[in-house]
Amino acid sequence: MNDRTIDQPLAILLELTHRCPLRCAYCSNPLALTPRAHELSTADWCAVLDQAAELGVLQIHFSGGEPMAREDLPELVSHATRVGLYSNLITSGVLLDDARLGELVDAGLSHVQLSFQGLDEVTADALSGFRGGAARKCEALARVKAAGLALTLNFVVTRQNAGQLDAILRYADEQGIARVEVANTQYYGWALQNRAALMPSLIQLEQMSQLVEAWREKTRGRMVIDYVMPDYYGRRPKACMGGWARRFLNVMPDGTIVPCHAAQTLKHLEFPRFPASTLASAWFESPAFSAYRGTDWMPEPCRSCDAKEKDWGGCRCQALALAGDAGTLDPVCEFSPKHEEMVMLALRESQSGDDRLQLRHLSFKKTGSTDAEAALLHPSSGAGK
Amino acid sequence: MLTLESRVRLAPGTRLQEDTVRQRWVLLGPERLLVLDDIARLIIERSDNQTVGTVCEALASEFDAPLDTIQTDVLALLTSMSEKGFLRYE
């Protein structure tokens with residue numbers, strides 16, 4: 001019987017595949033990407049959708065990798081529609097042509113989130129390792145608009161493209177986009193690997209905040225701008241995923257069920273896997289999901305903090321990555337003994353002048369190899385390294 | 001600005017849906033969710049193809065409530081939903 005004190009999840013992110021034509025240096029996929037042969041089958045994903053709906057999930061995010069690299073995507077969207085789920089496609093847009101978009105519209109797709117690395121080709125190509133992506137994305141945006149689908153433009157901010165924020169917001173407004181997400185890179189997976197080259201400076205951050213405010217004022221009532229601050233410059237942590245295993249869960253390409261996309265970095269936890277485990281048993285019964293749920297796991301001073309049910313202690317993966325212990329304070333919090341150190345790290349890295357990016361690539365083990373490193377042509381440093 | 005003459009409709013990508021597991025009604029939009037109480041649901045359902053003013057008049061007579069209070073409340077509710085991106089109006 002399900003534990004009545006635990007709320008059912010509201011949304012699930014399905015990482016259908018780790019395959020992707022882009023090789024973004026800020027990708028939050030794990031360093032050890034899942035090869036195609038280990039991906040769940042169409043029937044398995046449909047069973048995931050059935051269980052999600054039964055469990056009380058309302059929204060499904062089809063993500064990856066590039067979810068459009070799965071040829072059965074229209075079939076999965078159609079299945080989601082059939083069981084009453086709101087479906088969101090998180091895509092780079094570079095594989096989107098009229099025929100494939102038509103199939104997705106017919107399948108009942110509710111919304112498309114289209115990511116941009118910038119409108120300037122040189123920067124966008126260097127960040128994504130994909131030539132001509134910016135133009136392809138503009139074409140994809142026009143197609144989605146023409147099809148009458150709801151669209152969110154997602155701009156992932158790094159030190160390289162922060163200066164393009166004004167241009168991106170102007171473009172979005174000119175295109176009549178109703179929702180823009182300005183998301184500073186979250187430093188997990190490949191992004192963590194490339195942190196020194198991606199971390200925006202404090203000055204860039206101030207300019208971004210001012211621009212977002214100005215554009216919010218200018219576009220009130222027609223464009224909603226969601227702004228995600230970079231964690232490292234914060235004083236209080238974000239409620240990561242709305243709290244560990246409180247609202248969301250992810251299913252990885254091979255069926256591993258996790259509370260967030262970076263959770264597999266917590267090696268001491270054993271995560272259940274679909275179809276051996278159902279979504280319900282993962283959510284309600286697995287020790288990994290209950291490990292950091294709620295407030296019982298919290299150390300002091302979190303336990304006696306007024307904000308403990310607001311930020312739920314921040315991010316466990318970040319606590320592990322930056323403080324060496326998944327059960328301690330998220331160093332983003334000003335009360336963490338590691339906080340000063342982390343802010344200094346961000347400041348130092350943002351001014352390091354190190355612009356070398358390791359673009360993501362398929363590997364069966366964690367890698368520190370340099371064969372896929374690409375020099376970035378950075379405006380301030382002239383020609384790249 | 002949203003006025004009594006405005007006609008509102010759900011924004012593209014927004015839908016009204018019963019959340020059967022939790023026994024409530026919600027508006028679902030891009031990565032967002034708005035839980036509706038009975039009154040909010042009624043207003044959304046009635047707003048289809050009607051001016052805000054017409055909806056308010058119907059509610060005032062149906063619930064035997066003062067029209068100006070209803071108008072203030074409905075305009076505030078719809079404005080907030082519109083600013084959050086759930087509604088469009090013309």
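Predicted model: local features only at pLDDT ≥ 70, side-chain atom pairs only at ≥ 80, totals over all residues.
The phi angle of B:Gln23 is near 50°, a positive value in a residue that is not glycine. Most residues other than glycine have a negative phi. With a relative accessible area of 72%, B:Gln23 is exposed.

Three strands of chain B form an open sheet in the order E2-E3-E4, and their pairing is antiparallel. Strand E2 (15–19) and strand E4 (32–36) of chain B stand at the edges with a single partner strand each, so one side of each has no neighbour in the sheet. On average, neighbouring strands of the sheet are turned by 35° against each other, direction ignored. Strands of a sheet pair through backbone hydrogen bonds. Strand E3 (residues 24–29) of chain B pairs with E4(B) over 5 bridges, in the antiparallel sense. Within chain B, B:Leu28 stands opposite B:Leu33, which is in E4(B). Helix H1 (residues 38–46) of chain B packs on this sheet and touches E2, E3 and E4 of chain B. The direction of this helix makes about 110° with that of E4(B).

Chain A has 14 helices and 11 strands. Its radius of gyration is 20 Å, close to the 21 Å that the globule rule gives for 385 residues, so chain A is as compact as a globular protein of that length. The C-alpha atoms of chain A fill a box of roughly 60 × 55 × 45 Å along the principal axes. Of the 385 residues of chain A, 58% count as buried. Among contacts in chain A between residues at least 6 apart in sequence, 71% join residues at least 24 apart. The accessible surface of chain A comes to about 15600 Å², and 52% of it belongs to carbon and sulfur atoms.

An unreviewed UniProt entry lists residues 6–222 of chain A as "domain: Radical SAM core". This span is 42% helix and 17% strand, and its end C-alpha atoms lie 37 Å apart. The unreviewed UniProt entry also places the feature "binding site" at A:Cys20, A:Cys24 and A:Cys27.

A:Cys20 lies in the loop between strand E1 (11–15) and helix H1 (42–55) of chain A, and A:Cys24 lies in the loop between E1 and H1 of chain A. A:Cys20 counts as partly exposed at 28% relative accessibility, whereas A:Cys24 counts as buried at 9%. Leaving aside neighbours within four places in sequence, A:Cys20 is in contact with A:Gly65, A:Glu66 and A:Arg360.

A:Gly65 lies in the loop between strand E2 (59–63) and helix H2 (73–82) of chain A. A cis peptide bond, with omega about 10°, joins A:Gly64 and A:Gly65. Most peptide bonds are trans. Another cis bond runs from A:Glu300 to A:Pro301, with omega near 5°. A:Pro301 is in the loop between helix H11 (287–290) and helix H12 (308–311) of chain A.

A:Ala245 has a positive phi, near 55°. A:Ala245 lies in the loop between strand E7 (224–228) and strand E8 (248–251) of chain A. At 1% relative accessibility, A:Ala245 counts as buried.

Note on methods. Residues numbered from 1 in each chain as written. Chains lettered and ligands numbered in written order. Heavy atoms only, no water. UniProt positions renumbered as here; feature names shortened; annotations may be inferred. Helix = DSSP H or I, 4+ residues; strand = E, 2+ residues; numbered from the N terminus. Pairing = 2+ DSSP bridges. Axes fitted to C-alpha atoms, helices over the stretch in contact; angles between N-to-C directions. Contact = heavy atoms within 4.5 Å. Rg over C-alpha atoms; globule rule 2.2 N^0.38 Å. Buried < 20%, exposed > 50% of the residue type's maximum accessible area, 1.4 Å probe, protein only. Areas by Shrake-Rupley, 256 points an atom, 1.4 Å probe, with all protein chains shown as cover.
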